[in-house]
Amino acid sequence: MTLSVPSLPLIPAPLSAQVGSGTTPITPGTAVHVESSLSSADLEPVIATFLTDVAADIGLELQAAPAGSEPPDGLIHISVSLTDEGLGELPATSGVRADGAQHADERHGVRIDDSGIAVWGPTPEAVYRGLTTVRQLLSAAKTDGDACVLTHATILDTPRFAWRGLSFDVVRTFHGVDVVRHVLDMLAVYKLNVLHFHLTDDQGWRFEVPGWPELTGTGAAGAMHDRPGGFFTDADLANLVAYARERFITIVPEFDMPGHVTAIFASYPELEPIPTPGQLRARAAGFPIGTLDRHQDRTWELVQAALSALIERFPDSARLHIGGDEAWGMDDGEFVAFVDRAIETTRGLGKEIVVWQEASRAAVGEGDVVQFWIEPNEIRRMFKDAPQESSMPPEIRQALVETFSKALEDIPVAVSKGAKILASPFTHVYLDRPYADQPAAVEQAELHERLGLRAYSPISLEQCGAWDPVEITPAVTEDSGLAGVEAAIWCETITSESDLQFLLLPRLPQVAETAWSPAGRVDWADQSVRLAAQAPSWDRRGWAWFKADSLPLA
Ligand code: TNX
């Protein structure tokens, strides 16, 4: 069934909406009331975040009514309440919560009528999501005048998946606290709720580990090419976790291992094993790769210390991402034994795991989250259809063919072991793919040319939004097999915040729609209109974005 939700400039598209004919003006000073004083304490922080965000979005200064006060008769106001009235029929959300919450509930309602706006839901998080809908409506209604005039409507909504994320590489280019806060702002406005923080990789180490000062000394000094390095202090991370929490976003940290670890070797050379023949060949071809050695006790002292530090810094996450991707050149048996012990170590510290798909070859099982990224059809295309087009040294290419061929079995294996799959197919949600659409403005030609990995074939905005996570994920046949949907932004080609934003917008809201809105809703004609309607608010926020020729821009 294709439900259309016409005339509402919302993304992700809501589950259901009825649009009326009247309008109501929301003006500076419009007060936000909590309907029952019993729920004031729970909802006050949510209102405070909403007021800050609306002011930042459009400069509209709403106000919080004093706790317990009744809205004066006849005065337009916004009311919020903790109730699931009228929401009982909404479908259940599938997937896994990154915060491990057992009773999470994001179902909510929003009603706009002559009295103003009512937002309700059974939890503060649900009310926050409903207020986010209001934010989008206010932003879209913003004109030069003082009032935002909203069309009457009733919206009942709930997400399809519990895990709606973005994996963010802060290694290849170091992005500091302010940039990460802006990314959290973007996630929040599109109802995404997980920031997967890729904090370690070959080019750098980005967080403090007690007893291992060289990781943030030598290890953090650089980034890709000659870009400046950096790392997050414990205070920085506390700041980010709190900022995310206010927006009902969980930050899930990643320590990527046993591959992608040469920043560790730069810091502690004694941890570096003798490279395997495959690794030596790759290094000779200019790829600085290496893998951790499970036979050294010091390796496990480091793993234990680093994971413990992450647990301290990211108390809201029920899980640690322990990597497992691209352990190039490592013996298969060694790889599995390493990942097994890393899993055991994480569980021993009281946390659950997320791993990249290759780690399915180790002891993953029930309750684990396995991240699917190597989309099989693309692999077949890459290696069968166009081998002659490769500019890669043949040996490296051979290694890639082997690695990716093995990867075709990973997700079916993970599913058979009872793991939940986090859908991140690199064909559709790797936002470091070049754009296939052309720039509408000549000023963006250079960015369009430079940004995104050239090894990937470009994808269009339409393709980014036109896929279904169940259909694309091998061996998964229904929503319940998935943890959710997560995009990734890798920063090899990105040198600045505006480069980053150029690749995130407009595709990030499309990913949000895939993760949130009901299946079978994909319709580019409608989505492109709703995306284009976001552009003024990106401009007001000062966010760079790609002005694609495929968008119906004013
Ligand atoms: C593969 S995705 C990687 C990253 C690269 C990315 C570029 C994954 C688990 N590993 O190391 O940055 O491709 O898109």
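## Around the ligand

In what follows, Ala, Val, Leu, Ile, Met, Phe, Trp, Tyr, Cys and Pro count as nonpolar, Asp, Glu, Lys and Arg as charged, and the others, Gly among them, as polar. By that scheme, the shell around the ligand holds six nonpolar, one polar and five charged residues. This is a predicted model, in which local features need pLDDT of at least 70 and side-chain atom pairs count only at pLDDT 80 or more, while totals for chains, interfaces and linings use all residues. Residues are numbered from 1 along each chain as its sequence is written, and side-chain values use heavy atoms, with hydrogens and water left out.

Which residues surround the ligand? They are Arg172, His260, Asp325, Glu326, Trp356, Trp373, Tyr430, Asp432, Leu453, Tyr456, Trp490 and Glu492; a residue is near a molecule or strand if one of its heavy atoms lies within 4 Å of it. Let's look at three of these neighbours. An oxygen atom of the ligand lies 2.7 Å from a polar side-chain atom of arginine 172, and an oxygen atom of the ligand is also 2.7 Å from an N or O atom in the side chain of aspartate 432. For aspartate 325, a side-chain N or O atom is 2.9 Å from a nitrogen atom of the ligand. The protein buries 96% of the 360 Å² that the ligand exposes when taken alone; accessible areas come from the Shrake-Rupley method with a 1.4 Å probe, and for residues only the protein chains shown count as cover.

## Tryptophan 373 in the shell

Tryptophan 373, one of the residues surrounding the ligand, is found in the loop between strand 15 (369-372) and helix 10 (376-385). Helices (H or I, at least four residues) and strands (E, at least two) are DSSP runs, numbered from the N terminus. Tryptophan 373 counts as buried, at 5% relative accessibility; buried means under 20% relative accessible area, exposed over 50%, and partly exposed in between (1.4 Å probe, protein chains only).

Not counting residues up to four places away in sequence, tryptophan 373 touches Asp325, Glu326, Trp356, Gln357, Glu358, Phe404, Ser424, Pro425, Phe426 and Tyr430, where contact means heavy atoms within 4.5 Å. With proline 425, 52 residues apart along the chain, the C-alpha separation is 4.3 Å. The side chains of tryptophan 373 and glutamate 358 make a polar contact of 3.1 Å. A polar contact is a pair of N or O atoms within 3.5 Å; within protein, one must be able to donate a hydrogen and the other to accept it, and residues adjacent in sequence count only if both atoms are side-chain atoms.

## Nonpolar cores

In soluble globular proteins, nonpolar side chains tend to be buried together. Here the largest nonpolar core has 136 residues, and Leu138 and Phe197 are those with the most contacts inside it. A nonpolar core is a set of buried Ala, Val, Leu, Ile, Met, Phe, Trp, Tyr and Cys residues joined through side-chain atoms within 4.5 Å. Leaving aside neighbours within four places in sequence, leucine 138 is in contact with Ile26, Phe50, Val54, Ile58, Leu60, Leu62, Cys148 and Leu150. Another core, of 13 residues, lies apart from the largest one and has Trp356, Leu400, Phe404 and Tyr430 among them.

Alanine 483 sits in strand 17 (482-489) and counts as buried, at 0% relative accessibility. Setting aside residues up to four places away in sequence, alanine 483 touches Gly95, Val96, Ala162, Trp163, Val369, Lys420, Ile421 and Leu422.

Glutamine 534 belongs to the loop between helix 18 (524-532) and helix 19 (535-541). Is glutamine 534 buried or exposed? Glutamine 534 is buried, with a relative accessible area of 5%. The side chain of glutamine 534 is joined to that of tyrosine 190 by a polar contact of 2.8 Å. Beyond four places in sequence, glutamine 534 is in contact with Pro9, Ile11, Gln136 and Tyr190.

## Backbone features

Most residues other than glycine have a negative phi, and most peptide bonds are trans. Two cis bonds deserve a look. The peptide bond from isoleucine 11 to proline 12 is cis, with omega near 0 degrees, and proline 12 falls in the segment before strand 1 (16-26). The bond from methionine 257 to proline 258 is cis too, with proline 258 in the loop between strand 12 (250-257) and helix 6 (262-267).

Histidine 260 also lies in the loop between strand 12 and helix 6. Although not a glycine, histidine 260 has a positive phi of about 60 degrees, and it counts as buried at 8% relative accessibility. Alanine 475 has a positive phi of about 70 degrees and is partly exposed, with a relative accessible area of 46%.
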